[in-house]
Amino acid sequence: MVKKYPFSNKAAKAMIAATIVFTPVATTAGLFNAEKVEAGYWHFNSPKTLANYSNLIHEESASQNEIDTLNTAINKISESEWKEIAKPILDEGVLDGGTREAELEVTIAIIKTYLQIQLGAATKDSIEDFIDDTKNDFGFTDEYTDSQVTAAYLTYLENIESKLYTLTGTISASRNPFVALLQAVQSANGDPLIKNKVQSTIVVNEETAAEAAGEFFNILITKLPGSDLTAKEITIQNALIGAYLGWQLAYEVGKPSGGGGVVVPTPEPGPVVEVPSTPGDPVEVTPVVEEGATEVVVTIPAALQAEIVTATPADTTEIVINVPESTDDRTVVLDLPASLAAAIQAKAPAADIVIDAGGIKYILPLSQVDLSALAAGLGGNLTGVTLRINIDQLTSAQTNSLENRIQAKAAGTQAASSETKAAAIEGAIEVKAPAVEVKVELVKDNAVVSELKSFGDVYVEQEFTIDGTVNTNKATGVVVAADGSFKALPTKFKTEGGKQIAVVSTLASTGGVSTVIEASVTFPDVNKGKNWAEKEIEALASKFIISGTTAGTYKPDQEMTRSQFAFLLSRALGLPGTTAYDKRFSDVKGDEWFNANGEFMAAVKYGVISGKPNGTFAPNDKVTRAEAAAMIGRALELDFINFDEKQLDKKKKLANFKDAKEIGASTRAEVLKVYQAGIMSGASNGEFNPNDYTKRDQMARILAQFLVKANLMDSIK
């Protein structure tokens, strides 16, 4: 018996139906004019011609290494295993052995040869061997010349292609494309000796075809190298997507070398893939768009998936999918097949998916997404799985309403502590970019399984084209809740084509309306040169990271507490709130102001803060410079920050400070790192003063320098 791998029969059959067996010929309806193909617009006139066609498939295919690996695995399938595969589709009389054993062998030979052709592995010799090995079983006697026998076989193979062309146009989403192949093999016209034998041998229905397909997959998976099932699935998927593309391009070539060949009409204009002309440029994709009353549905059919894979160089970092801009209360819905994501990930590991919807771009961090983890939660494979990205842009009226709600909330509730409120805002807060809600859903067989709130500890970027211009010191990306409360997000700015673009990073892939706002905040005790950190204080306040006091002042000389510093660092990083406090600190209840939206617990979760040896956090203790350095140093170590260690000036040593011995062992490594990164430095007297308390103006300078070095904010001008 064949060893069964941990796939249910249903899952295995579904995988086969969608991708595994004969994908190249199972999804071609509508690509070309089937009537003209049937009318004889293409012709194989010799084994060499057919071999050239097969080789052309391989030459034009994506993922040639995977195709070769798959062919190697198929060649390892033994005769007894092929019989197990063929059993479900054979007439009972064939299974008796004896006089009809030869017909079983002939059926297997046809399937194997067809696999060779479609996977680009057929050669002139293999085709001639197939004819020589089976012609007696079909009843070709010496009365037939070699040329007559060869012509009969080639005509039969041509007619299989024609039948497949017709049959694939009638397959519904619920039917197994393997059935179409078997129907084509069974019903293709040709010499009666071939046609009658095949028709009396194969019994075709969806159940038997799916069972045979499942057997094929279970056996094939044992022949592939390695032990990772998901990796094996990806190899098969890539090979067959690549083979499909090669099959399509072989048709388009017209007449391969060697004579004969394929001549077909030019496909109708449709979805396209633009291959980058310069290394490093993105691959541009124009998908299929269907306009609806409430939705604009964007899909990527199998043919386009294959083109994307083959057009993607291994060093590509972006694949741009151009979708319509969401307008008139219509949501743009893009279904991205997980199998395509896996194929891209295998071929170009550094590539991310960029969904370009006009004024906004949504960057799906494919290079950092664990597709295996997604597959593990869905029965072990990605068949029938899509990532559905819903992009809903607010209308002008809705954006105006949003702006008013933001203004109202900013005036009274953007507090940094129970004793402070938002700083004095000069003028109105303006929404300076499209306001959009993006929702990402995990879909299996067209049914929503769950909403993906994040892709793990990975920043997801959204790019917003600015309306006019903004002062980068005073603008930030935000995510806005229904009541107008909002959260600032790490934001950088760039200019492309003469337009400013905000690049907004968030650890939550969805949730709320995202946009860019601009505000101008100042304080009477800071403004006009009253404090050395004026630029940093006003910039961070305008970005709603830090706040002032109830009196409208900033109090730059006031010393910070440990809880205040942790809260602000959590907010600056845009850490998603974790309200389920685990009660790890004996002196923190979890319902204090600094954890009102889970900010404190988020800092704990990500390892930015730690407690005292006695199990307390001491939230109201003043934070020392060494403790502040420790929190910043730990933040630089976060995986999603991607801090460039080359920024560190290794010439700087703690010994440079006169009081280096006063820096405690528990903070020495972090103090050194922030010193080498240029985030903190010593006093004019050559000391670091690790035990001095951190003042509010010092905190603003430290926080601003950290965000700039971590590439989460532009330098303050």
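Arg701 lies in helix H23 (residues 696-709), where helices (H or I, at least four residues) and strands (E, at least two) are DSSP runs numbered from the N terminus. The structure is a predicted model, in which local features need pLDDT of at least 70 and side-chain atom pairs count only at pLDDT 80 or more, whereas totals for chains, interfaces and linings use all residues. Residues are numbered from 1 along each chain as its sequence is written, and side-chain values use heavy atoms, with hydrogens and water left out.

With a relative accessible area of 28%, Arg701 is partly exposed; buried denotes under 20% relative accessible area, exposed over 50%, and partly exposed the range in between (1.4 Å probe, protein chains only). When residues up to four places away in sequence are not counted, Arg701 touches Trp532 and Glu536, contact meaning heavy atoms within 4.5 Å. The C-alpha atoms of Arg701 and Ile537 are separated by 7.5 Å, although the two residues are 164 residues apart along the chain.

Most residues other than glycine have a negative phi. Lys528, which is not a glycine, has a positive phi of about 60°. This residue belongs to the loop between strand E21 (513-518) and helix H18 (534-542) and is exposed, with a relative accessible area of 72%. Asn642, likewise not a glycine, has a positive phi of about 55°. Asn642 is found in the loop between H21 and helix H22 (668-676), and its relative accessible area of 56% makes this residue exposed.

Helix H21 (residues 625-636) also takes part in a helix pair with helix H19 (residues 562-573): their axes come within 11 Å and cross at roughly 25°. Axes are lines fitted to C-alpha atoms, for helices over the stretch in contact, and angles run from 0 to 180 degrees between N-to-C directions. H19 and H21 are therefore roughly parallel to each other, the classes being roughly parallel for angles under 35 degrees, roughly antiparallel over 145, roughly perpendicular from 65 to 115, and oblique for the rest. In this contact, Arg562, Phe565, Ala566, Leu569 and Leu573 of H19 meet Glu627, Ala628, Met631, Ile632 and Ala635 of H21. The residues of the contact comprise eight nonpolar, no polar and two charged; Ala, Val, Leu, Ile, Met, Phe, Trp, Tyr, Cys and Pro count as nonpolar, Asp, Glu, Lys and Arg as charged, and the others, Gly among them, as polar.

An open sheet is formed by eight strands in the order E3-E4-E7-E9-E10-E16-E20-E19, with mixed pairing; two strands pair if DSSP finds at least two bridges between them. At the edges stand strand E3 (272-274) and strand E19 (491-496), each of which pairs on one side only. Direction ignored, neighbouring strands of this sheet are turned by 20° against each other on average. Helix H14 (residues 302-311) packs on the sheet, touching E3, strand E4 (283-286) and strand E7 (318-322), and its direction makes about 10° with that of E3. Within the sheet, strand E10 (residues 360-364) and strand E16 (residues 460-465) run antiparallel and are joined by four bridges. Opposite Ile360 stands Phe464 in E16.

A further antiparallel pairing, over four bridges, involves strand E17 (residues 475-480) and strand E18 (residues 486-489). The bridge partner of Val480 is Phe486 in E18. E17 and E18 form a hairpin with five residues between them, and Gly484 in the turn has a positive phi of about 95°.
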